Every structure is written in C-alpha cells, then in structure tokens.
Amino acid sequence: MHLNVHPVRAFSDNYIWLIDAPRARDQLVAVDPGDAAPVIAELQRSGASLAAILLTHHHSDHIGGVPELLRHWDVPVIGPDDDRIAHLTRTAHDGERCELADMGLSFEILQVPGHTLSHIAFYGHGALFCGDTLFSAGCGRMFEGTPTQMNASLTKLRNLPSETRMYCGHEYTAANLRFALAVEPANSAALEYQQRVQRLQAAGTPSLPSTLALERQVNPFLRCDEPGVAAAASAHAGKPVRESAEVFAVLRAWKDGFR
C-alpha cells in the first residue's frame, strides 16, 4: 500500500508532511509540524481533521506547532524519548512498531543518532520520514552525535529497499547537489538530477520525495565506500582516508564550510 503524502511548507525551507490515513476518511497525520498555521490552513482547505502527530527530533522547527495543534485537536503525539519534547503521549524506540491501527498505518521505528542523539525515523508502507538525518543529496549537521554514529545511521537508512520514498525535513536539494558535484564532478546521475531539480524549482515544485535508489547514486554521504568519494575526501583532507566513517567525517566537515 502506497501512502498519499502532502507537503506543507513552513518557514524558509521546512517541509511538514501530511499523511492520508488509509482507513479513516478525511483524517491526516502530521509529521514534524514546526509551525501550526500552515497545517491548520491546509486542513481547513481540504476539510480534513488531524488524527495524530509524529515527531522525529526535538528541534523547534520540527515541534514548535504542536501546542497550537493540540488546542484544536486532541490527538496522540508520538516521538523519541527525549525530555526536550513536551506533549508526547507515546515514546518510540528503535525496532518498535508504531501502530495507528484505526488509521491503517504502521511504522517501524529506526533510531538514527547523529543530528541529535535521540533522533528517530518512521519507516513503513514504502515511505521513510527521516527528519533531518538524511536529505536528498545530503545529510544533517551533527549537533550532538559523532561521525561514527551519523555514518551508521545513514548506512541503516541506505540499506532500506531501493524503492523507498524518502520524505525529509528541508528543501536543501539544490545546495546539496552543488556539494555532491564538488565531491564527484563526473557523477552523471547527480548532473542529471541537478538539471531536474532546477526545472522543479523554476516551477515552484518540491524536489521531494526522493527515493533511496536515487540517493545511493547521487548522495556522497551514502557513498563513503565508493573509491572516488574516498579519493575526493583524501584530497580535501590532505591525507589518505579509507574507512567509511573517516570518509564521512571529512565530507561532513567539508560540507559545513562549503559555499
């Protein structure tokens, strides 16, 4: 069963994802509602109501709209076990299933530390809601985790089925592709994707969702075991780097200063 998922833009580049509940007509589940206003506007426009809230991590641009949404709808709020997240009604842990049976939804919880230590992703129905861990052609900054943790988290996501549709938290694709092509200038898949994203941007259309099949071809942070990526990291670092986590650490530091 494929999910119907609608993007709601917030702030300058955030996406809040609204998932149609397959078994509950006109019911939607919100993922990472950092701002309540655009969610309320979309629900009013569509005539739907809110059925649940899923949270991937504690940053305010992903949870800030929760209190206002709860003033309108009394719904479950499911997220990582983190004291920095208020209003949780259920905590989700690695390997558990998040069952929303009345809505016909079921997600596997994946612990993906790195961007934050308690970060989780929701995987189910061929869809991955990964917050700020994995972006199209990029990945999140490490605010709390280590390169080894973040690389392991990305490897866990990379190993999901190729057809998985990836719904991340930000529209960073164009900027990420500029960096990806600095790492692999001759990556034909990334060059082709860059042209497609430019067309989508010109039309005001989201670049997301992506697929893991595409990300494995274009995303340098999922390609740390590729010889060409390791060579680029070594050249940037001025010394040989071979292990995947070491390559990742060089790439992430390089990206942090990339303009």
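Helix 5 (173–183) and helix 9 (244–256) each supply at least two residues of the lining of the largest pocket. Helices here are DSSP runs of H or I with at least four residues, strands are runs of E with at least two, and both are numbered from the N terminus. The model is predicted, so local features need pLDDT of at least 70 and side-chain atom pairs count only at pLDDT 80 or more, while totals for chains, interfaces and linings use all residues. Residues are numbered from 1 along each chain as its sequence is written, and side-chain values use heavy atoms, without hydrogens and water.

Stay with that pocket. Its space comes to about 400 Å³. The lining has 18 residues, and R141, Y172, N176, R252 and K255 lie nearest the centre. Helix 5 gives the most, with 3 residues. By class, the lining holds 6 nonpolar, 5 polar and 7 charged residues. (Ala, Val, Leu, Ile, Met, Phe, Trp, Tyr, Cys and Pro count as nonpolar, Asp, Glu, Lys and Arg as charged, and the others, Gly among them, as polar.)

A pocket is an open set of points on a 1 Å grid over the protein atoms alone, with protein on both sides within 12 Å along at least five of seven lines; a cavity is a set where a 1.4 Å probe fits but cannot get out; lining residues have an atom within 4 Å of a point.

Now follow helix 9 to its partner. Helix 8 (residues 227–237) packs on helix 9 at an angle of about 60 degrees, with the axes 9 Å apart. The two are therefore oblique to each other. (Under 35 degrees counts as roughly parallel, over 145 as roughly antiparallel, 65 to 115 as roughly perpendicular, and the rest as oblique.) Helix 8 contributes V229, A230, A232, A233, H236 and A237 to the contact, and helix 9 contributes V247, V250, L251 and W254. Contact means heavy atoms within 4.5 Å. This contact has 9 nonpolar residues, 1 polar and no charged.

The whole structure has 2 cavities of 30 Å³ or more. Helix 4 (residues 147–158) gives the most to its lining, with 4 residues. Among the lining residues are N151, R158, F221 and S244.

The second largest cavity holds about 30 Å³ of space. Strand 10 (127–131) is one of the strands that each supply at least two lining residues. Strand 10 gives the most, with 3.

Definitions and conventions:
Grid points are joined across faces, edges and corners, and a volume is the space filled by probe spheres set on the points. Axes are lines fitted to C-alpha atoms, for helices over the stretch in contact, and angles run from 0 to 180 degrees between N-to-C directions.
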